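The structure is shown first, and the discussion follows.

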Amino acid sequence: MWFGRDPDAARALEEDAHAKLADGDVDGALAAAERLLQMGWSGGFEIKALALQTRGDLDGAIATLEEAVRVAPAAWLLWQLLGNLRSDAGRLDAAVEALDAALACDGASESSVRFNRAIVQHRRGEPGAALDDLEPILALPRPPAFAEDALSLAARCLAELGRADDGLTLVTSARDVCAPDDPRRPRLEAERAVALDRAAQDPDDALDAALHAGVITADLLALLRRRRPPACEAPRRLHLVVQGELTAPGVAGVMRWVEVVADDEAQALALAVAILPEPARASAALEQLQVVEPSTDAEPGVHAASGLVYYGDE
């Protein structure tokens with residue numbers, strides 16, 4: 001890291017800048033980034049790049065990071081972010097170069113960089129190379145926070161290599177070592193449903209288990225649209241917020257933003273309720289609704305959804 005004269009003040013300002021980004025205050029985050037750079041703190045480059053990305057200026061974000069790695073070439077986090085943004089821009093070969101540089105830095109998180117490089121390799125149409133990066137992550141005795149995402153990508157790569165049964169075995173083995181109350185198990189049920197479908201087996205039990213817990217992924221939603229499509233006559237794309245009550249310590253209920261293709265409000269609500277946790281469905285109600293546009297070219301059903309947002313009594 002590139003230190004200035006007052007690292008404690010820089011760390012506090014960097015934390016505040018990340019908070020501003022989380023709150024959507026892009027201008028405030030950019031101002032904080034400039035102050036950090038004036039203090040000689042390389043984290044200012046990261047904040048500036050993330051703020052520009054949030055604003056939609058991906059080229060500006062990439063240019064910021066290309067300057068950053070010239071100034072602080074030993075900062076692996078900057079190389080990794082540069083690789084990720086180059087990947088998002090479709091510059092896949094350059095993304096791999098940046099991630100290779102990140103992996104060569106002292107102190108780099110090998111599992112993090114390998115996972116991000118696997119994503120790029122998969123985007124390049126090289127599932128075998130992606131799998132080479134994922135296998136050391138899956139073998140770790142203590143899985144990283146993104147272990148389920150790595151497992152999901154590995155199962156997809158195996159299927160693309162003509163080894164869908166191996167992908168199913170991988171996911172099922174991971175699920176089976178989890179206790180019934182393990183918080184990771186519902187996500188693994190979601191991955192198992194997708195893996196069963198890829199292996200030409202019935203995914204419905206695993207699909208129901210994932211939906212019971214309110215777990216959704218893009219692959220699971222695509223599977224749900226194929227397996228259980230609603231009957232639509234004049235489909236429209238709708239955005240809605242749905243919420244339902246829950247009985248749990250410190251929790252009064254849960255809400256989720258959903259994008260659906262459906263005929264009307266009633267059908268859209270039914271589709272959104274079906275991806276809430278099962279205990280919240282009986283009390284579920286529509287909070288917001290926006291009809292975006294007619295939709296003649298998209299599959300009926302749920303196309304996107306936020307994570308679950310829990311709220312308390314107050």
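The model is predicted, so local features need pLDDT of at least 70 and side-chain atom pairs count only at pLDDT 80 or more, while totals for chains, interfaces and linings use all residues. Residues are numbered from 1 along each chain as its sequence is written, and side-chain values use heavy atoms, with hydrogens and water left out. Helices here are DSSP runs (H or I, at least four residues), numbered from the N terminus.

H12 itself spans residues 204–212, and its buried residues (under 20% relative accessible area, 1.4 Å probe, protein chains only) are Ala206, Leu207, Ala210 and Leu211. These residues lie on the same side of H12 because they cover an arc of only 135 degrees around the axis, the arc being that of the directions from the helix axis to the C-beta atoms. The partners against which the buried residues of H12 pack are helix H11 (185–198), helix H13 (218–227) and helix H15 (278–281), where contact means heavy atoms within 4.5 Å.

The loop between H11 and H12 contains alanine 200. Most residues other than glycine have a negative phi. In alanine 200, however, phi is near 60 degrees, a positive value in a residue other than glycine. Alanine 200 counts as exposed, at 72% relative accessibility, the cut-off for exposed being over 50%.

Two packed helices are described by the angle between their axes and the distance between the axes. The axes are lines fitted to C-alpha atoms, for helices over the stretch in contact, and angles run from 0 to 180 degrees between N-to-C directions.

| Helix pair | Axis angle | Axis distance |
|---|---|---|
| H11 and H12 | about 150 degrees | 8 Å |
| H1 and H2 | roughly 160 degrees | within 8 Å |
| H7 and H9 | about 30 degrees | 11 Å |

H11 and H12 are therefore roughly antiparallel to each other, a term for angles over 145 degrees. Their contact is made by Pro186, Glu189, Ala190, Arg192, Ala193 and Leu196 of H11 and by Ala206, Leu207, Ala209 and Ala210 of H12. By class, the residues of this contact are eight nonpolar, no polar and two charged; Ala, Val, Leu, Ile, Met, Phe, Trp, Tyr, Cys and Pro count as nonpolar, Asp, Glu, Lys and Arg as charged, and the others, Gly among them, as polar.

H1 (residues 7–22) and H2 (residues 26–38) are likewise roughly antiparallel to each other. On the H1 side the contact comprises Ala10, Leu13, Glu14, Ala17, Lys20 and Leu21, and on the H2 side Gly28, Ala29, Ala32, Arg35 and Leu36. This contact divides into seven nonpolar, one polar and three charged residues.

H7 (residues 110–123) and H9 (residues 147–160) are roughly parallel to each other, the term for angles under 35 degrees. Phe115, Ala118, Ile119 and His122 of H7 meet Asp149, Ala150, Leu153, Arg156, Cys157 and Glu160 of H9. Six nonpolar, one polar and three charged residues form the contact of H7 with H9.

## Aspartate 176

Aspartate 176 belongs to helix H10 (residues 164–176). With a relative accessible area of 47%, aspartate 176 is partly exposed, a class lying between the 20% and 50% limits. The C-alpha atoms of aspartate 176 and alanine 304 are separated by 28 Å, the two residues being 128 residues apart along the chain.

Key
Helix = DSSP H or I, 4+ residues; strand = E, 2+ residues; numbered from the N terminus. Parallel < 35°, antiparallel > 145°, perpendicular 65-115°, else oblique.
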